[in-house]
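Please look over the briefing below alongside the sequence and the structure, which are shown first. The points are grouped by topic.

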Amino acid sequence: MAGPTILHADLDAFYASVEQLLDPRLRGRPIAVGGSARGGVVLAASYEAKAYGVAGGMPGWRAARLCPALQFVPGRFREYQPLADRVMDILGDVTPAVERISIDEAFLDVSGSTHLFGPPERIAQLLRRRVREEVGLPISVGAARTKHLAKIASQVAKPDGLVVVDPEREREFLDPLPVGLLWGVGPVARARLAERGITTIGELARTPSSAVEQVLGHAVGARMSALAHNEDPRRVAGAGRARSVGAQSALGRQPVTRELVREVLTQLADRVAGRLRAKDRAGRTVTVRVRFPGMRSVTRSSTLPGPVAATLTLTEVAEQLVWQAIREQPQPEPEVTLLAVSVSGLVPQSALQLELPLEADDPRRPGSEHGAARWAVDRSVDAVRARFGTRAVGYLPAAMPRVRTVPDEFRELAEHDL
């Protein structure tokens, strides 16, 4: 049996910890990044605030009620990425097999590093010490035989701790833990499982997979059953070119309207297309995901005649796909809880090859008259934003949404680079 050579490193309450690092007056105090006592949304909370029940995604007024001493800070978004990158550089000093999955967490495969730095536990201790001394931030690390188990171990280790799971004692470690620690089990799935008396990972593992699939659906149920048995064949993937780029927006529970769909998809397409153009890339396949109440999701895709990176074209394609998914629902007036857009089949596109006017003009062909015009406009928008900021210019309704809950800078930090 393989040893615990997969590490999951996760910076603790990253955004709040950075604020406390930069302003010593905030250390040891309950703070919330984003929002205010009058409204808005809490983007992140320090552990001192979490002790009162304050959490990211919570309305600011509610957080203030839970913790009267809570101090709200606006967030210094320009500081987050450089500090997180410094931590990733430290992780890369012990192994090239680092898979960064967000701004503040990564998997490491240290199987090839033990002859240089010692066993996985010693490597984890080394990393935690260096991050604390060189960057000044707390980081929790889990070490295990699989990625899934390493991530659970790092959550158990929080805050600012280390947990190494001996392969011989995996069931002993997993069985008493709450089922909500499984990767992918959210509040809805947790409630559904609890209704059937399943509250721990051990109870889930002892439940037949067919029964779990009846509760959570075939795909999700099968995956959760496998994870409960620690069946996770995924390996740590090193850095490389992304094969797709996407963005999503959680909506709570909203009735479907054309205004809502257009506003959200314009915002998502603007983010996705902008990231494509920033890396001189374009993609042929557009995929949307629509999530309905009850965690039921539908995906639809379309492969275009040419690779696109134009915001308006991507918006139009995404709208058609979303409405196709919505019209197929049995409910006459369905509600949606999430919309997502992604582009795959990526190819380089630093310039456009214009077409001869032999076919009818179609903006979905990037070299057509309208396709080229859209690309040129977007490049001008990119140039203005690079000089004056992302809010300086944009497409309606993305530039003036009815409700702005999360700063664009925060969204950008959460999205993977190409």
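Strand β10 (residues 281-292) is joined by ten bridges to strand β12 (residues 335-348), and the two run antiparallel; strands pair here if DSSP finds at least two bridges between them. This is a predicted model, in which local features need pLDDT of at least 70 and side-chain atom pairs count only at pLDDT 80 or more, while totals for chains, interfaces and linings use all residues. Residues are numbered from 1 along each chain as its sequence is written, and side-chain values use heavy atoms, with hydrogens and water left out.

**Strand β10 and its partners**
- Within the pairing with β12, R291 has L338 as its bridge partner.
- Strand β11 (residues 296-308) is also antiparallel to β10, with nine bridges joining them, and the bridge partner of G283 in β11 is V308.
- Ten of the twelve residues of β10 are buried, so this strand is largely enclosed by the rest of the structure; buried means under 20% relative accessible area, exposed over 50% and partly exposed in between, with a 1.4 Å probe and protein chains only.

**The five-stranded sheet**
- An open sheet with mixed pairing is formed by five strands in the order β5-β6-β1-β7-β8, where strands (E, at least two residues) and helices (H or I, at least four) are DSSP runs numbered from the N terminus.
- Because β5 (98-102) and β8 (162-164) stand at the edges with a single partner strand each, one side of each is left without a neighbour in the sheet.
- Strands β1 (residues 6-11) and β6 (residues 105-109) pair in the antiparallel sense over five bridges, and I6 has D109 of β6 as its bridge partner.

**Packing of α4 and α6**
- The axes of α4 and α6 come within 10 Å and cross at roughly 145°, with axes being lines fitted to C-alpha atoms, for helices over the stretch in contact, and angles running from 0 to 180 degrees between N-to-C directions.
- The contact (heavy atoms within 4.5 Å) is made by L83, R86, V87, I90 and L91 of α4 together with L127, R130, V131, E134 and V135 of α6.
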